[in-house]
Amino acid sequence: MNLILLGPPGAGKGTQAGRLMKNLGMVQLSTGDMLRAAVAAGTPVGLAAKSVMESGGLVSDEIVNGILSERLDQPDARAGFILDGYPRTTVQAHALDAMLAQKDLALDHVIELVVDEDALVERITGRFTCANCGEGYHDHFKLPVTPGVCDACGSTQFKRRADDNEATVRQRMAEYRAKTAPILPHYAARGIFSRVDGMADMDAVAQSIDAIF
Ligand code: AMP
């Protein structure tokens, strides 16, 4: 099964993708994670993407299409993938159609997590992860059981994303509304599009997604 998870930043795409990865053996393909890795490694793609990402804008379609296409060519993508944060524009949606046709792959479901934007700002600005294993936490909703120690791996190092501040989050949401939401009818017309209430708790969202499958 191959799917796309859509929704504004903080809608829970990463959380749900992580769960599907564990439960169904699918691979999560997050263009945001790929770009952050490129920024950290200081590659030419990273250098081009860094300031755009910090401002909450969108990295060029050309760059993102290139990294996604390469990633789809790795053998693990054949076991079923979850696109998290891609496509984000009409140009990307059309590029994805062409890529999948050329690679003999097909989409089974496109799912949008629908959320309340003001609640999202609180959700995003409070989030942080374990720097060692990536376990997710939140200042208000999910602190480690022992303060300062990761529940999953015991590490005492945590990190926050540079773009998880209110101004950047609001810009990322505006980008979603203006450039990403318009691609939804493209999938609705093909009968593979569903919406899920992303404000429900994590398990309820998971159940709604499983019901679609
Ligand atoms: P994310 O982790 O999906 O929230 O992405 C973080 C940032 O990376 C976004 O705010 C964009 O600047 C950039 N980005 C990630 N995916 C894409 C994409 N498909 N198209 C353009 N920019 C992207």
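**Exercise 1. Determine how helix H2 passes helix H3, and describe the contact between them.**

Solution. H2 passes H3 in a left-handed crossing, a crossing being left-handed if the near helix is turned anticlockwise from the far one by less than a right angle, and right-handed if clockwise. Helices (H or I, at least four residues) and strands (E, at least two) are DSSP runs, numbered from the N terminus. The model is predicted, so local features need pLDDT of at least 70 and side-chain atom pairs count only at pLDDT 80 or more, while totals for chains, interfaces and linings use all residues. Residues are numbered from 1 along each chain as its sequence is written, and side-chain values use heavy atoms, with hydrogens and water left out.

Next, take the geometry: the axes of H2 (residues 31-41) and H3 (residues 44-55) come within 8 Å and cross at roughly 115°. Axes are lines fitted to C-alpha atoms, for helices over the stretch in contact, and angles run from 0 to 180 degrees between N-to-C directions. H2 and H3 are therefore roughly perpendicular to each other, given that angles under 35 degrees count as roughly parallel, over 145 as roughly antiparallel, 65 to 115 as roughly perpendicular and the rest as oblique.

Finally, list the residues: Gly32, Leu35, Arg36, Ala38 and Val39 of H2 meet Val45, Gly46, Ala49, Lys50 and Met53 of H3, where contact means heavy atoms within 4.5 Å. By class, this contact has 6 nonpolar, 2 polar and 2 charged residues; Ala, Val, Leu, Ile, Met, Phe, Trp, Tyr, Cys and Pro count as nonpolar, Asp, Glu, Lys and Arg as charged, and the others, Gly among them, as polar.

**Exercise 2. Find how helix H4 is oriented relative to helix H5, and which residues make the contact.**

Solution. The axes of H4 (residues 61-72) and H5 (residues 90-102) come within 10 Å and cross at roughly 25°. That makes H4 roughly parallel to H5. H4 passes H5 in a right-handed crossing. On the H4 side the contact is made by Asp61, Val64, Asn65, Leu68, Ser69 and Leu72, and on the H5 side by Val91, Gln92, Ala95, Leu96, Met99 and Leu100. These residues divide into 8 nonpolar, 3 polar and 1 charged.

**Exercise 3. Identify the residues closest to the ligand, and the arginine side chains with a polar atom by one of its oxygen atoms.**

Solution. The ligand is surrounded by 16 residues, of which the closest are Thr31, Arg36, Gly57, Gly85 and Gln92; a residue is near a molecule or strand if one of its heavy atoms lies within 4 Å of it. A polar side-chain atom of Arg36 lies 3.0 Å from an oxygen atom of the ligand, and for Arg161 the corresponding distance is 3.2 Å. In the side chain of Arg172, an N or O atom is 3.4 Å from a ligand oxygen atom. A polar contact is a pair of N or O atoms within 3.5 Å; within protein, one must be able to donate a hydrogen and the other to accept it, and residues adjacent in sequence count only if both atoms are side-chain atoms.
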